[in-house]
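This briefing covers strand pairing, hairpins and nonpolar cores. The sequence and the coordinates come first, and the notes follow.

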Amino acid sequence: MGELGVTIPRILVVDDDPEMRNMMTQFLRQNGSIALPAATEFEISRHLETGRIDLILLDVMLGDENGLDICRRLRTEQDVPVIMVSALSADNQRMAGYEVGADDYIVKPFNPKLLLARVKAVLSRARRSSSLVHRRNTKTYTFSGWTYDAKRDVVLSPAGVQVALSRREMALLQTLLANQHIPLTREEIAEALDVTGDAAQSQDKVGRSIDMLVARLRSKIEIDPKDPRILKTERGTGYIFSVDATESDT
């Protein structure tokens, strides 16, 4: 497999209108993303400093602040994709967004499904642009004495013994490593593992299947699965990979 390709997208939703911000945040969360709200340039900077951001949805008009100016400043120090969101639809307004480095421009009011399609397209382009780096990933990840060789999909215990994981258990471990210290809901994990099922499968069944998968992985990587130290339950949310994982080249 070679890469931790199951990273759940972390999207920053920047809008000074609480209703619009909440609507976009909830919609993105319901469709498999980790959506984080922000209203000012200061809040954008704080999020970028404290965690991974894969995409920014940036409103053009932010009260006293200008989204175009913010995007221009972001481009001097960040390569995170930016989609400008605006009620201004004239061609010159769109061009102004592209000129400051925006990856896309969407006009309010918009169909939420259109927004989701544009988000997925921009994220896909960003991933493809670095796909050669991903394909050549030969890193080794270590955590609490455990080792995961991403190139060979091999997991070694602290004693150096190879531990057999099923394909789904391996995918869960990859998802956790890609989102360490981030509380993930059962739905987010299911989306990342593509086990959301069809319309006939209830959310309860999906949640139980994730619980069973977590229990199986715990039985293989925890000293005491009933008192987990690596994969902890986050009360009211789901699960969290709670230890540091370091990367090294093999």
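Two residues or elements are in contact when heavy atoms lie within 4.5 Å. This is a predicted model, in which local features need pLDDT of at least 70 and side-chain atom pairs count only at pLDDT 80 or more, while totals for chains, interfaces and linings use all residues. Residues are numbered from 1 along each chain as its sequence is written, and side-chain values use heavy atoms, with hydrogens and water left out. Helices (H or I, at least four residues) and strands (E, at least two) are DSSP runs numbered from the N terminus, and two strands pair if DSSP finds at least two bridges between them.

**Parallel sheet**

- Five strands make up an open sheet with parallel pairing, in the order β2-β1-β3-β6-β7.
- The edges are β2 (34-38) and β7 (104-107); each has a single partner strand, so one side of each is left without a neighbour in the sheet.
- On average, neighbouring strands of this sheet are turned by 20° against each other, direction ignored; axes are lines fitted to C-alpha atoms, for helices over the stretch in contact, and angles run from 0 to 180 degrees between N-to-C directions.
- β6 (residues 82-86) and β7 run parallel and are joined by four bridges; M84 stands opposite Y105 in β7.
- Helix α3 (residues 67-75) packs on the sheet and touches β3 (55-59) and β6, its direction making about 175° with that of β6.

**Hairpins**

- β8 (residues 139-143) and β9 (residues 146-149) run antiparallel, joined by four bridges, with T142 opposite T147 in β9.
- Two residues separate β8 from β9 in this hairpin, and S144 in the turn has a positive phi of about 50°.
- Three bridges link β9 to β10 (residues 154-156), again antiparallel; T147 has L156 as its bridge partner in β10.
- The hairpin of β9 and β10 has four residues between the strands, including D153 in the turn, with a positive phi of about 55°.

**Nonpolar cores**

- A nonpolar core is a set of buried Ala, Val, Leu, Ile, Met, Phe, Trp, Tyr and Cys residues joined through side-chain atoms within 4.5 Å, where buried means under 20% relative accessible area (1.4 Å probe, protein chains only).
- The largest has 57 residues, and I44, I56, L58, M84, F143 and F241 have the most contacts inside it.
- Domain 1 (10-130) and domain 2 (139-249) both contribute residues, so this core lies between them; the bounds come from an automatic or database domain assignment.
- Neighbours within four places in sequence aside, I44 contacts L12, V14, A38, I56, L58, I70 and L74.
- Another core, of 18 residues, lies apart from that one and includes F27, L57, I106 and V119.

Note on methods:
Buried means under 20% relative accessible area, exposed over 50%, partly exposed in between (1.4 Å probe, protein chains only).
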